[in-house]
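Take a look at the sequence and the model below.

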Amino acid sequence: MMETITSVEEMKVWSRRICGDDKVIGFVPTMGCLHEGHLSLVNASLSECDSTVVSIFVNPAQFGPDEDLESYPRTLEADKEILRSTGVDVLFLPAKEDLYPDGFQSFVEIEGKTNYLCGKSRPGFFRGVATIVLKLFNIVNPHTAFFGEKDWQQLEVIRTLVRDLNLDIKIAGQPIVRENDGLAMSSRNRYLSEEGRLSALSLSQALKTAQSRIEQGERSTEIIRNEIRQMIEQKNGTEVDYISVCDPEDFSESEEIRSRTLIALAVRIGKARLIDNRIIERA
Ligand code: AMP
């Protein structure tokens, strides 16, 4: 039976009890509007850990003033239904007031790698992410936490947080789950119109084409970047936020494609800002 816990204190008590029994807690933090991408993390936790906690919390601290905090899709009843059938032990649904009470004034800053990609186009985003993730880690006290490679930079930022602040938590990255036609699953795909949905296909298609071009011998990051941009801008209603061909860990760019390269991009289509990425290993 899945238990729903809304109080921070109760969540801590539950975790202390489970840890006292020497059980391994797996943790999947989410913002809800659950899809197969989230479920792949849940299933990984269920198979690796004794108990699984999933949190749903739309974290205000990671949204900018002009972003979609108010309209972010909230589908709590459907999410509960989905989770009930999985075997998750606890759904943690903290209240905003409990996590950010009056007088809250402590934030976590990760330097360096947050100056690139999403960190550059969403100032304050990773500060909000790192803060909520550290808070949730302290409350849930997991042995392993599961994150998706869809948010590649976020995964790297969290690995850095865990390393730098000496947290005893294993971070498990999970592959991107896609729709049959290649679109990376995302709660924000709901914002897409029918035409936008078609245009959105160009993200994964352009990444795939770039991979073939590199495998065939193209070595210029600039040429690859330009080709991706062209493929995406050909489609109706797309506005490229960034396209980066870079190091998968520190996100620095070089003129020549390295042996292991991350191609990451963010594109606005109507109200949706979509991200996708691909790791390319050069032969
Ligand atoms: P979100 O609810 O969007 O904050 O995502 C919660 C977790 O699910 C994060 O670790 C994401 O990286 C992960 N996630 C979201 N979409 C996908 C996807 N399509 N494939 C794999 N993981 C995903």
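The report covers a pair of helices, then the cysteines.

## About the model

This is a predicted model, where local features need pLDDT of at least 70, side-chain atom pairs count only at pLDDT 80 or more, and totals for chains, interfaces and linings use all residues. Residues are numbered from 1 along each chain as its sequence is written, and side-chain values use heavy atoms, leaving out hydrogens and water.

## Two packed helices

Two packed helices are described by the angle between their axes and the distance between the axes. Helix H6 spans residues 125-140, and helix H7 spans residues 152-164. Their axes are 10 Å apart, at an angle of about 55°.

Which residues of H6 meet H7? They are Phe 125, Phe 126, Val 129, Ala 130, Val 133 and Phe 137. Contact here means heavy atoms within 4.5 Å. On the H7 side are Gln 153, Gln 154, Val 157, Ile 158, Leu 161 and Val 162. The residues of this contact divide into ten nonpolar, two polar and no charged.

## The cysteines

A disulfide is a covalent bond between the sulfur atoms of two cysteines. The rule used here asks for a pair of cysteine sulfur atoms within 2.5 Å. By this rule, the count is zero disulfides.

Cys 118 is in no disulfide. Its nearest cysteine sulfur, that of Cys 246, is 11 Å away.

Key
Axes are lines fitted to C-alpha atoms, for helices over the stretch in contact, and angles run from 0 to 180 degrees between N-to-C directions. Helices (H or I, at least four residues) and strands (E, at least two) are DSSP runs, numbered from the N terminus. Ala, Val, Leu, Ile, Met, Phe, Trp, Tyr, Cys and Pro count as nonpolar, Asp, Glu, Lys and Arg as charged, and the others, Gly among them, as polar.
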